[in-house]
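Please read it alongside the sequence and the structure shown below.

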Amino acid sequence: MSVQTDRLEALGRELGEAIAETPEYEAFEEKKAAVEADDDVQEQIAEFHERRDHFMHARQMGNATEENLQRVQAAQEELHSMPKMAAYLDAQEELTERLEAVNEAISDPIAVDFGGEAGGCCHD
């Protein structure tokens with residue numbers, strides 16, 4: 001491994017450690033732990049996943065109905081309205097925004113956006 005590669009990997013580890021110390025990451029981890037520790041939220045997550053999986057299966061079989069979709073949406077809305085889940089989603093959004101800013105800072109000097117969804121040089 002070259003000295004330059006070693007340096008880049010060391011900088012990457014340093015960047016990861018710095019991200020882990022940001023208020024956005026710390027808030028995300030705190031809210032995530034609260035969601036994971038709450039039995040009511042976990043039950044609602046399981047219900048949402050069950051309804052979503054049922055809908056996806058019905059859609060694959062060509063049997064999905066508007067009622068199935070509404071059940072999934074209602075379960076998602078109920079889940080997202082739970083205070084701990086809402087706080088988790090807000091923290092997740094703030095962390096995502098911070099990471100997008102970091103991605104831009106890394107990509108700008110080399111004119112490459114590895115994290116974006118826009119097509120690259122070779123995709124139409």
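How many salt bridges does the count come to? By the rule used here, in which a side-chain nitrogen of Lys or Arg lies within 4 Å of a carboxyl oxygen of Asp or Glu, the count comes to six salt bridges.

## Basis and confidence

This is a predicted model, in which local features need pLDDT of at least 70 and side-chain atom pairs count only at pLDDT 80 or more, while totals for chains, interfaces and linings use all residues. Residues are numbered from 1 along each chain as its sequence is written, and side-chain values use heavy atoms, with hydrogens and water left out.

The predictor's confidence in each residue is given as pLDDT, on a scale from 0 to 100. The protein chain averages a pLDDT of 90, and 89% of the residues score at least 70. Confidence is lowest in helix H1 (residues 3-20), with a mean of 92, and highest in helix H2 (residues 23-37), where the mean is 98. Where pLDDT is low, the predicted coordinates should not be read in detail.

## Overall fold

The secondary structure of the protein chain consists of five helices and zero strands, where helices (H or I, at least four residues) and strands (E, at least two) are DSSP runs numbered from the N terminus. Along the sequence, the pattern reads α-α-α-α-α.

Of the 124 residues in the protein chain, 18% are buried, a class that means under 20% relative accessible area, with exposed meaning over 50% and partly exposed in between (1.4 Å probe, protein chains only).

The side chains of Asp38 and Lys84 meet in a salt bridge, with an N to O distance of 3.1 Å. This pair links distant parts of the chain, since Asp38 belongs to the loop between H2 and helix H3 (39-60) and Lys84 to helix H5 (residues 83-107), 46 residues apart. The two partners fall into separate accessibility classes: Asp38 counts as buried at 17% relative accessibility, whereas Lys84 is partly exposed, with a relative accessible area of 38%.

## Salt bridges within helices

In helix H3, the side chains of Glu47 and Arg51 meet in a salt bridge at 2.9 Å, N to O; because these residues are four apart in the helix, about one helical turn separates them. Glu47 counts as partly exposed at 28% relative accessibility, and Arg51 is partly exposed with a relative accessible area of 31%. Glu47 can also be placed relative to Gln76, from which it is 29 residues apart in sequence and 9.2 Å apart in space, C-alpha to C-alpha.

Helix H4 (residues 66-81) holds Glu67 and Arg71, which are likewise four residues apart and so separated by about one helical turn. Their salt bridge has its closest N and O atoms 2.5 Å apart. Glu67 is partly exposed, with a relative accessible area of 45%, and Arg71 counts as partly exposed at 41% relative accessibility.

## A negative surface patch

Asp90, Glu93, Glu94, Glu97, Glu100, Glu104 and Asp108 form a negative surface patch. Patches are made of residues with over 30% relative accessible area and no salt bridge, like charges being joined within 9 Å and nonpolar side chains (Val, Leu, Ile, Met, Phe, Trp, Tyr) within 5 Å. One of the patch residues, Glu93, has its place in helix H5 and counts as partly exposed at 47% relative accessibility.

Conventions: Accessible areas come from the Shrake-Rupley method with a 1.4 Å probe; for residues, only the protein chains shown count as cover. Lys and Arg count as positive and Asp and Glu as negative; His and the chain ends are not counted. The place of a charge is taken as NZ of Lys, CZ of Arg, CG of Asp or CD of Glu.
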